[in-house]
Amino acid sequence: MPVQVPEPTKDFGAQWREEWAEAQKLKGPNMKNSSVFYRNIEEELDLNRKAGLNFPIHLPSHVSDFSTCDVLGMSHTGALREEFMKELEANPNFAMGAGGSRLLDGTTEYQHKFEKELAELMGVESALVVHSGYTANQAIFSTVPRSGDVIVYDELMHATALSGMKISLALDQRPFRHNDVDHFIEVMEAVKESTPLVKAGKRCVIVGVESYYSMDGDICPLKELIEAAKEIFPHGNAQFIVDEAHSFGVCGPEGTGFVREQGLTDEVAITMATFTKALGGAGACILSNNTIRSLLVTQAKMFICSVAPPFTLLASCRAGVRLMRSQKMEQARDYLHELTLFYLDTLTSHPVYKKAYKKGMVDMPVHEDGAWHEVPITHIVPLWTRRPKYALYLAFHLTRDGFNGCNIVFPIVPKGEERVRLFLHAHNTKDEVKGLVNSITTWIQEMLDIEASGDKNKLPAAARLAFDILEKDEQMTNGTSNATAEKTNGANKDSGSKETFSKEAVSKDIGNKNIMNGISAFKNSSLVSGLGFGEMPSRII
Ligand SMILES: Cc1ncc(COP(=O)(O)O)c(C=O)c1O
């Protein structure tokens, strides 16, 4: 007997749906008489539109935030702004711009002092503060691997690191299966056997990993990887680079991150921490010894050819670090952990979730074992939806109910691994979490009822509203082009198709691969090569 789905009290998703529908519209067919310059670009963009890869940049319309990276609420609550204002007051004569690159008079006393403070806090010789995590990863991965070195990296490494690797001097680049220590050992052994100079300890293996993986929410087995690497390469020529974008501020003593929490500072050559996530601002820092510092500032293009970060950015980073170390943020970290447990307990004990889980409709692979009270966990709690298009449907549903969760779909993640990525925050209340769980389970119930009805063409209510916009638009253009009709392929309730978007561009060209595995999937893709889509960070959303 289908359960009556309650009507939402208010629709918060109208704007988002409009923006989404607009982003799906093909532009090329209407540009026959336009400049070839713009038409070519739009036609290339149409390939992405047909493949459902044209994500709208949308203005926030949510009431409760379960998506941003501002997990400690430093930005949301205004705490960072307050701390930043103190920094401005203490330095009233600041210059707006640095005036030059680091090597060309762009290094200020303020930056110098802040970097020294940071290095001391993090227990390393050097901290280099740069504009963004993207810049930092580009600098590190393009410059640190030297000629003859080999890069070994987790297959889910962020796209910013992958694009740095692409322009590095490394002899070879080899991924290992995500968080799989056995496969890591296999790859490292293979590198040793195939690269005599590495085997002899004359060239190096540079290992790239993240501490917390932002699409999956799991944690790197860093200790095991380091131990294995040391055993395979006893000359010390296997060195680690750890991207702490999602753990800096969230764990470790005074929020200083995962590497320090694990007591591995001396075992890691480079740690990359961003101020863009838990620290609620912008910028990043590269933590290393002075040798790496010298290499980066003199050889990384981003240091040589780009003006140094301005005072305002440095001041917000410094304010963020001060805040990160405060008692208030210690409490925020504790609360975030408690809230994560509360969310996992509440969702997984819900009978509707249990039913859908048993049917293989939804799950949370990282929490499969139900051990979240016993093992370390993160605030990143994606809900995997195991049927085509369900992640999109759930995103429409959540947005309508005033929550923001991003649907992460193929080819950002492999087919069958689509999900809605959810982040918990210290500024979320338990009532908001209950509301979120209620919204999720209401949607699940709706899908269970649709599946039970056997009606393959039926769309859940919130998605219906979105696809109605597309259909209305199609009726208006009334078949003026085949391509326009194609865009509603599968979105059309009468089609019965399970594929929402044109398939050929995606599956033929890219294969069932992960966007983050840029080396194997995107590098050779004609779909994306022209647009540089392979460069696009998988965590843009
Ligand atoms: C793992 C990881 N590394 C690097 C970056 C890039 O950082 P930023 O946003 O500061 O450029 C991100 C951000 O999206 C990320 O998630």
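Student: What is the mean pLDDT of the chain?

Tutor: Good place to start, since this is a predicted model. Of the chain's residues, 87% reach a pLDDT of 70 or more. The mean pLDDT of the chain is 87.

Student: How many residues of helix 7 are buried?

Tutor: Helix 7 spans residues 159-166 and is mostly covered. Its buried residues include A159, L162 and M165. Among the elements covering them are helix 6 (133-143) and strand 4 (172-176). Of the 8 residues in helix 7, the number buried is 7.

Student: Which helix gives the largest share of the shell around the ligand?

Tutor: Let's look at the surroundings first: 16 residues surround the ligand, and S132, G133, Y134, A245 and T276 are the closest. By class, the shell has 4 nonpolar, 9 polar and 3 charged residues. The largest share, 3 residues, comes from helix 6.

Student: Is N428 buried or exposed?

Tutor: N428 lies in the loop between strand 13 (419-421) and helix 18 (430-453). Leaving out residues up to four places away in sequence, N428 touches S64, F66, L339 and V433. A residue counts as buried if 20 or more other C-beta atoms lie within 10 Å of its own. Because N428 has 25 such atoms within 10 Å, it is buried.

Student: What separates the C-alpha atoms of N428 and D65?

Tutor: Along the chain, N428 and D65 are 363 residues apart. In the model, their C-alpha atoms are separated by 7.3 Å.

Student: How far apart are the end C-alpha atoms of helix 3?

Tutor: Helix 3 has 12 residues, 79-90. At 1.5 Å a residue, they should span 16 Å. The model agrees with that, as the end C-alpha atoms are apart by 17 Å.

Student: Why do the buried residues of helix 3 line one face?

Tutor: The buried residues are A79, L80, E83, F84 and E87. Seen down the axis of helix 3, they line one face because they fall within an arc of 130 degrees.

Student: Which helix do the buried residues of helix 3 pack against?

Tutor: Think of the two sides of helix 3. The face turned away from the buried side carries the exposed residues E82 and E89. The buried residues pack against helix 14 (311-324).

Methods
Residues numbered from 1 in each chain as written. Predicted model: local features only at pLDDT ≥ 70, side-chain atom pairs only at ≥ 80, totals over all residues. Buried ≥ 20, exposed ≤ 12 C-beta atoms within 10 Å, placed from the backbone. Helix = DSSP H or I, 4+ residues; strand = E, 2+ residues; numbered from the N terminus. Contact = placed C-beta atoms within 7 Å. Near = placed C-beta within 6 Å. Nonpolar A, V, L, I, M, F, W, Y, C, P; charged D, E, K, R; others polar. pLDDT = per-residue confidence, 0-100. Expected span 1.5 Å × (residues − 1). Arc of directions from axis to C-beta.
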